[in-house]
Amino acid sequence: MKRVQPAGDEPSPADPSQADINRARILEAAMVLIDREGQEAATTRAVAAAAGVQAPTIYRLFGDKRGLLDAVAVHRLNTYVAEKSTRVPDPDPLEELRAGWDLHVAFGLAHPALFAILSGQGTAGATAQIAQAGLEVLQKRVRNLALAGRLKTSEARAIDLIKSAGTGTVMTLLTQPEGERDAGLSTAAREAVIAAITGEAGAVSDAGPSAAAAALRASLDQTAALSAGERLLLGELLDRIARGSRD
């Protein structure tokens with residue numbers, strides 16, 4: 001029996017131009033859903049409806065939902081890499097490591113759902129290849145530090161410290177309301193890791209008033225000179241000073 005073509009599907013699977021159009025529409029629809037509601041929202045039915053195609057089109061082009069998520073990750077990362085490709089690497093391997101950290105955190109905060117996909121357990125296919133490519137970039141940066149004689153731990157431990165701290169920093173910041181994120185957290189975490197793997201003091205070694213504010217904040221509950229409201233207000237102000245934030 002001849003199959004009746006569903007309305008909204010491509011005219012023919014053999015039509016490469018229509019397949020490319022459908023692929024682009026599906027990727028765009030999936031990215032919008034993931035950015036807006038998270039990867040769980042990118043069901044084949046929801047993506048198909050948003051893209052204006054039939055669900056079998058997704059299976060034909062991407063295999064399954066995992067294949068679709070991989071394709072979204074590849075597409076978004078390729079776009080990101082192209083945007084950053086004009087950046088000239090810093091000749092100082094430590095500054096290049098700092099720049100890599102900052103780019104990693106900025107990307108994770110800009111694309112939380114995609115970051116969750118790339119950081120998830122059991123990644124496979126294209127997503128695993130992306131993760132491996134990112135790891136190789138980090139390995140090269142750490143190797144350059146070692147070759148410069150500035151690494152005081154093994155390369156393997158340095159890589160593990162950077163990965164765990166970097167991912168943890170992004171995940172922690174993502175739990176904070178966007179307008180209330182600790183602006184200095186990423187820098188503090190980055191410099192703590194750098195100090196651990198190189199022994200070199202970083203940009204936040206001189207805490208200044210931040211340290212004094214943190215110490216006073218820690219002992220605030222021990223004073224009886226303030227009312228509950230005054231203690232709450234002062235605690236908020238000290239928290240801001242300790243973070244170095246004006247928000």
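This is a predicted model: local features need pLDDT of at least 70, side-chain atom pairs count only at pLDDT 80 or more; totals for chains, interfaces and linings use all residues.
Visitor: Which secondary structure elements does the chain have?
Guide: The count is 11 helices and zero strands. Helices are DSSP runs of H or I with at least four residues, strands are runs of E with at least two, and numbering starts from the N terminus.

Visitor: What makes a residue of the chain count as buried, and what percentage does?
Guide: Buried means under 20% relative accessible area, exposed means over 50%, and partly exposed is in between, using a 1.4 Å probe and protein chains only. Of the 247 residues, 33% count as buried.

Visitor: Why is D239 called partly exposed?
Guide: At 28% relative accessibility, D239 falls between the 20% and 50% cut-offs, so partly exposed is the label. D239 lies in helix α11, residues 228-243, and its C-alpha is 9.9 Å from that of D182, 57 residues apart along the chain.

Visitor: What makes G235 buried?
Guide: A relative accessible area of 4% does, because the cut-off is 20%. G235 touches R217 and L220, not counting residues up to four places away in sequence, and the C-alpha atoms of G235 and R217 are separated by 6.0 Å.

Visitor: On to packing. Why are α5 and α6 called roughly perpendicular?
Guide: Helix α5 (residues 93-110) and helix α6 (residues 112-119) pack at an angle of about 115°, with their axes 5 Å apart. Angles of 65 to 115 degrees count as roughly perpendicular, under 35 as roughly parallel, over 145 as roughly antiparallel and the rest as oblique, so α5 is roughly perpendicular to α6. The axes are lines fitted to C-alpha atoms, for helices over the stretch in contact, and angles run from 0 to 180 degrees between N-to-C directions.

Visitor: Which residues meet there?
Guide: H104, F107, G108, L109 and A110 from α5 meet P112, L114, F115 and L118 from α6. They divide into seven nonpolar, two polar and no charged. Nonpolar covers Ala, Val, Leu, Ile, Met, Phe, Trp, Tyr, Cys and Pro; charged covers Asp, Glu, Lys and Arg; the others, Gly among them, are polar.

Visitor: Why do α2 and α3 get the roughly perpendicular label?
Guide: Helix α2 (residues 44-51) and α3 pack at about 105°, with axes 8 Å apart. The two are therefore roughly perpendicular to each other. T44, V47 and A48 of α2 make the contact with A55, I58 and Y59 of α3.

Visitor: How do you know that the buried residues of α3 line one face?
Guide: In helix α3 (residues 55-62), the buried residues are T57, I58 and F62. Seen down the axis they fall within an arc of 100°, so they line one face of the helix; the arc is that of the directions from the helix axis to the C-beta atoms.

Visitor: Last one: how do you know that the span of α8 agrees with what it should be?
Guide: The expected span is 1.5 Å times one less than the number of residues. For the 20 residues of α8 (residues 155-174) that should be 28 Å, and the end C-alpha atoms are 29 Å apart, which agrees.

Methods
Residues are numbered from 1 along each chain as its sequence is written. Side-chain values use heavy atoms; hydrogens and water are left out. Contact means heavy atoms within 4.5 Å.
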